[in-house]
Amino acid sequence: MDGPLLAITAAPLDLARLIDRVVAEHQRRRAARDAPGVGAIAMFLGSVRDRSQGRIVQRLEYEAYEPLALQVFDRIASECAAEWPDVVLGLHHRIGTLDIGEVSVAVVAASPHRAQAFAACRYGMERVKQIAPIWKREVFEGGESWVEGASMHPDDRAGLEEARRVACVSE
Amino acid sequence: MRVRVKLFASLRELAGTGDLETSVEPGATIADVWAALVSRYPALAPYAAATSCARNLEYARLSTPVDPDDEIAFMPPVSGGEQVVGPKRGG
């Protein structure tokens with residue numbers, strides 16, 4: 001399967017193609033070390049919600065520092081591979097203007113068993129939110145604003161620990 | 001020496017540009033680049049504590065030294081949280 005595992009794109013996300021790509025990559029990697037193949041695929045999709053903090057949202061505009069965002073995605077995939085060696089992660093994020101209901105981010109984790117797939121998928125999404133240089137501007141009835149949250153350095157322990165906590169990684 | 005600066009999201013809008021150059025003394029750090037920016041665009045000043053930075057496509061700290069022609073990026077907090085700046089409902 002062609003196409004990148006990790007991508008920032010203005011085009012609508014092709015979810016079926018992303019899943020195929022992740023599964024093919026898992027097949028490629030496991031063949032080299034005689035490990036079990038894919039038995040579980042977890043996917044998270046983030047989509048544009050119509051309300052935010054009591055406001056009626058009309059659309060979102062995403063902006064990324066693309067080359068750094070791709071490096072951050074690569075780092076997140078490496079963190080997952082270190083924690084769950086049998087998991088392959090795919091991350092695609094859209095930029096540009098998105099209407100209500102459109103998918104803005106897709107995280108796919110393929111592994112032999114569901115526990116690792118769910119955990120890696122959740123972990124990957126938390127890390128995207130923490131450290132990927134991607135911003136969204138909310139256009140709502142009566143105005144617009146950048147939605148900004150906690151700024152985090154990728155090495156900050158608090159972020160790593162929080163992502164592990166929500167992914168239910170036991171110490 | 002000159003360094004290239006990239007600004008994103010709210011910082012880009014406050015400065016009116018996302019790509020610029022600025023001049024700092026040899027031996028300068030990213031904090032000095034930020035100070036040069038703030039003197040040019042005072043509206044950026046309130047963002048000092050919340051902004052993260054990168055040097056040549058690697059996350060960095062304000063204490064990181066810079067070299068000529070480096071690409072220094074200043075980034076407002078990423079969009080994961082709940083805090084909102086800008087016009088509030090009814091505002």
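This is a predicted model: local features need pLDDT of at least 70, side-chain atom pairs count only at pLDDT 80 or more; totals for chains, interfaces and linings use all residues.
In chain A, four strands make up an open sheet of mixed pairing, with the strand order 1-5-7-2. Its edges are strand 1 (6-9) and strand 2 (40-47) of chain A, each of which pairs on one side only. From one strand to the next the twist averages 10°. Strand 1 of chain A and strand 5 (residues 88-94) of chain A run parallel and are joined by four bridges. A:T9 has A:R94, in strand 5 of chain A, as its bridge partner. Helix 2 (residues 66-83) of chain A packs on this sheet, where it touches strand 1 and strand 5 of chain A. The direction of helix 2 makes about 150° with that of strand 1 of chain A.

A packed pair of helices can be described by the angle between the axes and the distance between them. For helix 3 (residues 114-131) of chain A and helix 4 (residues 157-166) of chain A, the axes come within 8 Å and cross at roughly 145°. The crossing of these two helices of chain A is right-handed. Helix 3 of chain A contributes A:R122, A:Y123, A:E126, A:R127 and A:Q130 to the contact, while helix 4 of chain A contributes A:G159, A:L160, A:E162, A:A163, A:R164 and A:V166. By type, the residues of this contact are four nonpolar, two polar and five charged.

Some residues of helix 4 of chain A are buried, namely A:G159, A:A163, A:R164 and A:V166. The cover over the buried residues of helix 4 of chain A includes helix 2 and helix 3 of chain A. Just after helix 4 of chain A comes A:C168, with a positive phi of about 60°.

In soluble globular proteins, nonpolar side chains tend to be buried together. The largest nonpolar core here has 56 residues, and the members that touch the most others are A:F73, A:W84, A:L91, A:I134 and B:M75. Helix 3 of chain A supplies the largest share of this core, eight residues. What does A:W84 touch, leaving aside residues up to four places away in sequence? Its contacts are A:Q116, A:A119, A:A120, A:Y123, A:A167 and A:V169. Of these, A:Y123 is also part of the contact between helix 3 and helix 4 of chain A.

How values were computed
Residues are numbered from 1 along each chain as its sequence is written. Chains are lettered from A and ligands numbered from 1 in the order in which they are written. Side-chain values use heavy atoms; hydrogens and water are left out. Axes are lines fitted to C-alpha atoms, for helices over the stretch in contact, and angles run from 0 to 180 degrees between N-to-C directions. A crossing is left-handed if the near helix is turned anticlockwise from the far one by less than a right angle, and right-handed if clockwise. Contact means heavy atoms within 4.5 Å. Ala, Val, Leu, Ile, Met, Phe, Trp, Tyr, Cys and Pro count as nonpolar, Asp, Glu, Lys and Arg as charged, and the others, Gly among them, as polar. Two strands pair if DSSP finds at least two bridges between them. Buried means under 20% relative accessible area, exposed over 50%, partly exposed in between (1.4 Å probe, protein chains only). A nonpolar core is a set of buried Ala, Val, Leu, Ile, Met, Phe, Trp, Tyr and Cys residues joined through side-chain atoms within 4.5 Å.
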